[in-house]
Amino acid sequence: MWQGVARFARNRMALFGAAVLGCLLLLVVLTPVIYPDNPFKLAGPALQPPGGRFLLGTDTLGRDVAAEIAYGARTSLLIGVGATLAAIVFGAVLGGIAGYYRGRTETVLMRLTEFFQTIPAFIFALLIVAILSPSVSSEIIAIAAVSWPSIARLVRGEFVALGGREFVQACAGLGASDARIILNHMLPNCASSIIAVGSLLIGTAILLEAGLAFLGLGDPNVMSWGLIISAGRAVLRSAWWICTFPGIAILLTVLGINLIGDGLNEALNPRLRER
Amino acid sequence: MVHDPRLNKISRRTALALPLGLVASSSTIFNNLAKADQPVRGGTMVMIVQPEPSTLAHYAVTAGNIPPIATQIYEGLVTYDWDQNPQPNLATSWEIAPDGKSITFKLREGVVFHNGKPFTSADVQFSFMEILKKYHPIAPLLLAELTGVDTPDEKTAVLLLANPAPYLMKGLAGRDLPIMCKSVFEGTQILQNPSANKPIGTGPFKFGQWDRGQFVRLDRNEKYWKPGLPYLDHIIARFIPDAATRSAALETGEAHFAGYSAVNYADLARMKTNPTLDTTMKGYEMTPALSVLELNAKHAPLDKKEVRQAIAYAIDRNVILRDVMYGYGKPATGPLSSLFKTVGFYTDDVHKYDVPDRLDIANRLLDGAGLPRGANGMRFGMHLEVNSFGEQWLRQAEYLKQALAIVGIDLTLRSEDTATWLRRVYTEYDYDINEPFLSQGVDPVYGLNKQYLASQIRKGVTFVNDSFYANPEFDGILNEAMREQDHDKRAVLYKKAQQILAEDCPLVWLIDVQYVSVFNRKLHDHTTGPLGTQQAFERAWLET
C-alpha cells in the first residue's frame with residue numbers, strides 16, 4: 001500500500017491533480033463560512049464585472065458568481081461521486097455475477113451490458129432526467145445508468161481471470177460460500193482497477209452533470225456550474241465572466257480528477273509498475 | 001405616390017454625361033434626397049423568423065411564427081390604422097346593422113388570387129363558415145355569434161350574427177381572419193389540403209419555395225390589386241436556430257429585419273450601437289401579452305384571497321423588468337395589457353400592488369390568514385412550475401423564489417419538458433403556481449373571457465381558466481360587455497371587470513410584454529401599422 005502511495009507521489013501530474021482536488025474539497029468545506037447566504041440570493045447590481053465588490057462579478061440577476069461557483073462545486077462533487085458510487089456498486093454486482101458464474105448467466109448479463117453500452121450516453125441521460133423530472137437524485141440515477149457498463153465489463157474480466165487462480169480454487173475446496181469468495185477474496189483483488197477506472201468516471205460524471213444543467217435539465221433549486229454557464233450564455237459577448245469562471249472550474253476539476261485517475265492507474269496497475 | 005425608377009436612372013445618366021460640374025453636383029444632391037424618402041422598386045428583403053414554423057396553414061394553426069410569412073400571402077377584409085380603426089382592404093366599405101346583428105361588406109373589384117381565380121363573396125363565405133369557424137383554434141371565439149354569411153351578389157358579403165359582436169370589427173385583418181380561395185379548398189379535406197404549405201391568397205407576395213430548415217422564399221405578386229405595389233421582388237424568411245448567429249446575421253447586413261423579439265433582449269443594447277441597425281417597438285400595438293402567475297385556488301392556502309394578494313405584493317416587478325426582460329416592457333398593473341389604452345378599455349384605477357410598503361402589507365396579510373412563520377422563517381411551501389418556453393422563464397422563477405422567501409413562502413422550482421409541464425398544469429391541475437405568458441388578442445373578449453370565465457375551466461385545454469376563478473357577478477359583466485355595442489358602455493363594463501379581478505387576484509400579473517424589431521437602416525417602410533410584422537410588407541423597400 002505504501003509502495004503505491006510513494007509511486008503515486010512520484011508522478012508530478014498526479015500530484016497536481018491531487019492539489020486541485022484538495023483545493024476544491026477545501027472550497028466545498030469552507031463555502032458555508034465564506035458565503036453564508038444562499039447562492040441564488042440577489043447580492044447586488046446585475047452584470048458587475050469581476051474585481052469590484054464581487055471577486056468574480058455578478059450575473060444577469062445580480063447574483064455573486066464566486067458564491068455560485070462555490071455552491072456549484074458542492075453540487076458537482078456530490079453528483080459526480082454519488083453517480084460514480086452508484087455505477088460502481090451496480091456495475092460490480094452485475095459484472096461480478098457474470099464473471100463468477102459464467103455460462104448462461106454471463107451471456108445474458110453481458111449482452112444486457114453491451115446493449116446499454118451502445119446507447120449514446122448523453123442522450124440516454126437526457127431522456128432519463130426528462131422522464132424522472134429534473135432533480136439531484138434523478139441526475140445521479142441518469143448518470144449512473146449510463147456509466148455502469150464499463151465497470152461491469154471491467155469487473156467481469158477481472159473475475160474471469162481470477163476465477164482460475166489457485167487461491168480461489170483453494171477457497172472453494174475448503175467449502176467457502178460463493179458470497180465469501182466473491183467479497184473477501186476476489187473483489188479486494190480487483191479493487192485497484194475499480195478505483196482507477198472509478199476515479200476517471202467521476203470526471204465524466206461531472207461533465208455529464210454540467211451538460212444536463214446547461215440544457216436546463218439540472219435541478220432548478222440547486223446551483224450548479226452548468227446552470228451558471230447556461231444563464232450567462234445569452235450575454236457571453238457583453239459579460240464574459242459569467243461563463244468563463246465556471247468553465248475554468250469545470251476544466252480544472254475534470255483535468256485534476258483525470259490526472260489523479262491516471263496516477264492511480266499507474267500506481268496500482270502491476271503491469272505499469274516497472275515503467 | 002408611385003415612383004418610376006426609370007426616371008431616376010435617366011436623370012443620373014444625363015447628369016454624368018454633362019460636362020458641367022454644377023449640374024452634376026445638384027443632381028447628386030437630388031439623388032441623395034431621393035434615396036432617403038423615395039421608394040425604390042426591386043431588391044430582396046431577408047427577414048429572420050424564429051423559430052421555423054412547422055406549417056404555413058395559417059387558417060388552422062396559430063403560432064406567432066406563422067403570420068410574418070402567411071400575412072404576405074393571405075389578406076383580410078380590412079387592415080387597421082395606427083388608432084386601430086378598420087381601413088378598407090379586400091372590403092371597400094361596410095355597414096353594421098342598427099341592431100348589431102349583421103355586417104354588410106362591399107368587396108373590392110378586380111382582385112384575383114395567386115392561382116388566377118377572381119375574389120368574390122363566395123370566398124368570404126367559405127373562408128369564414130367552412131374553414132375558420134371549423135378549423136381555426138381562435139377564430140371560433142371571434143366568430144361565436146356568426147350564424148351564416150349571405151352572398152346577395154359576387155361583391156357583397158353579409159355576416160349574420162346571433163347577437164351583436166362589437167369585437168369582430170377588431171379581428172378582420174389577415175392575421176386573425178384570413179380569406180382563402182374557395183376553389184382551392186372546396187370538396188377537399190381542409191386540414192390535408194396541399195395548399196397548407198404552398199399557400200394561395202390575394203396578398204402582395206406569392207409563395208415561392210420552402211427549403212426546410214433554411215428559408216421560405218416569397219415572390220412579388222405581379223397582379224397585386226394595389227397599383228405599383230409591392231416594391232420588393234422577393235422576401236426571404238430565414239430560419240436561424242442559434243440566437244448569436246441571428247444577431248450576427250443582422251450585424252453583418254445578411255438579414256434586414258427581425259421582428260417579434262427574434263433577437264435576444266440581451267443583444268439589443270449592442271445592436272443599438274451599430275450604425276447600420278435600428279430598433280423599433282412599434283408594430284405590436286395589436287399584439288398585447290402579459291406574463292403572469294397562475295395560482296391554483298384548489299390548493300390551500302391559495303384559496304384565500306389574502307394569500308394570493310400577499311404573493312402579488314411580495315414581487316418587485318421592476319426587478320423582473322430590469323434583470324429578466326432587460327428593460328423591455330412595463331410592470332403590469334392588472335389583468336389587461338396597457339396596450340388597450342389606445343381603444344379606451346385599459347384602466348389602472350384598480351387595486352395596486354406595486355406600493356412602497358408592499359412587503360409589510362404582504363407579511364400582515366399572511367399573518368392575518370393564520371400562516372405564521374415557522375422555525376426556519378418560512379410560513380408554507382409551494383411548487384412553482386417553470387415555463388419551458390425559454391431560459392428567461394427559469395431566471396424569472398429563480399427571482400420569484402428569492403422574492404417570496406422574503407415574506408416566508410418557500411418555493412420549490414420544478415422544470416419539466418413542455419409536454420409534461422402543460423399536462424401537469426392544464427390536464428392534471430397538479431400545480432400550485434404556474435408562470436405562463438398569455439397573449440391577449442385584439443379585444444378584451446379573448447384575453448379576459450378565456451382566462452377568467454367559470455365556463456372556461458376546461459380540463460385538458462391549455463391556456464384557459466386553470467386557476468378555478470368563478471365569480472358569477474364577474475361572469476355577468478363579461479357576458480354583457482361582449483354584446484354591448486356602445487363603445488363607452490363597454491369601456492365602463494371592462495373597467496369594472498378589471499377592478500373586480502385586481503381585487504380578487506386570481507392571477508398575479510407581472511410584466512406587460514414589449515416585443516422589439518431590429519432592422520437594417522436601408523430597409524424602409526417595414527412597420528406601417530399596428531400589426532407590424534404580422535401584416536404585409538407591400539410598402540417596404542430597400543435602399544440600393
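Analyst: Let's start with one rule: two strands count as a pair if DSSP finds at least two bridges between them. Keep in mind that this is a predicted model. Here's a case in chain B: strand 12 and strand 20 (residues 517-520) are joined by four bridges and run antiparallel.

User: Which residue is the bridge partner of B:T279 in strand 20 of chain B?

Analyst: That would be B:V518. As a general idea, strands of a sheet pair through backbone hydrogen bonds, and they do so either parallel or antiparallel.

User: What is the order of the strands in the open sheet of seven strands in chain B?

Analyst: Going across the sheet, you read 8-9-10-1-11-20-12, and the pairing is mixed. At the edges sit strand 8 (205-211) and strand 12 (277-280) of chain B, each of which pairs on one side only.

User: And what about the sheet of four strands in chain B: in what order do they come?

Analyst: The order is 4-5-7-6, again in an open sheet, with antiparallel pairing. Its edge strands are strand 4 (91-96) and strand 6 (146-153) of chain B, pairing on one side only. On average, neighbouring strands of this sheet are turned by 20° against each other, if you ignore direction.

User: How many bridges join strand 6 to strand 7 of chain B?

Analyst: Five, and the two strands run antiparallel. One facing couple is B:L146 and B:L161, the latter in strand 7 of chain B. To get from strand 6 to strand 7 of chain B, the chain makes a hairpin through two residues. Strand 7 (residues 156-161) also pairs with strand 5 (residues 102-107) of chain B, in the antiparallel sense, over five bridges. There, B:T104 has B:V158 of strand 7 as its bridge partner.

User: Which helix packs on that sheet?

Analyst: Helix 4 (residues 121-135) of chain B does, touching strands 5, 6 and 7 of chain B. Its direction makes about 165° with that of strand 6 of chain B.

User: How do I read two helices packing together? At what angle do helix 4 and helix 6 of chain A pack?

Analyst: First, the general idea: an α-helix has 3.6 residues a turn, so residues three or four places apart point the same way. Now the case: helix 4 (residues 103-118) and helix 6 (residues 136-163) of chain A pack at an angle of about 145°, with their axes 9 Å apart. The crossing of these two helices is left-handed. On the helix 4 side of chain A you'll find A:M110, A:T113, A:F116 and A:Q117, and they meet A:P149, A:A152, A:R153 and A:R156 in helix 6 of chain A. By class, the residues of this contact are four nonpolar, two polar and two charged.

User: Why does helix 7 of chain A lie largely in the open?

Analyst: Count the buried residues: helix 7 (residues 166-173) of chain A has eight residues and zero of them are buried, so it lies largely in the open. After helix 7 of chain A comes A:G175, with a positive phi near 90°.

User: What should I make of a positive phi?

Analyst: Most residues other than glycine have a negative phi, and most peptide bonds are trans. A:S133 is a non-glycine residue with a positive phi, near 70°, in the loop between helix 5 (121-132) and helix 6 of chain A. B:C505 isn't a glycine either, and its positive phi is about 55°.

User: Is B:C505 buried or exposed?

Analyst: Buried, with 24 other C-beta atoms within 10 Å, where the cut-off is 20 or more. A:S133 has 16 C-beta neighbours inside 10 Å, so A:S133 counts as partly exposed.

User: Which peptide bonds here are cis, and where do they sit?

Analyst: One runs from B:L229 to B:P230, with omega near -5°. B:P230 is in the loop between strand 9 (215-220) and strand 10 (234-238) of chain B. Another runs from B:A300 to B:P301, with omega near 0°.

User: Finally, how many residues of chain B are in contact with chain A?

Analyst: 20 residues of chain B are in contact with 19 of chain A. Helix 12 of chain B gives the most to its side, with eight residues. By class, that side of chain B has seven nonpolar, four polar and nine charged residues.

Key: Residues numbered from 1 in each chain as written. Chains lettered and ligands numbered in written order. Predicted model: local features only at pLDDT ≥ 70, side-chain atom pairs only at ≥ 80, totals over all residues. Axes fitted to C-alpha atoms, helices over the stretch in contact; angles between N-to-C directions. Contact = placed C-beta atoms within 7 Å. Left-handed = near helix turned anticlockwise from the far one by under 90°. Nonpolar A, V, L, I, M, F, W, Y, C, P; charged D, E, K, R; others polar. Buried ≥ 20, exposed ≤ 12 C-beta atoms within 10 Å, placed from the backbone.
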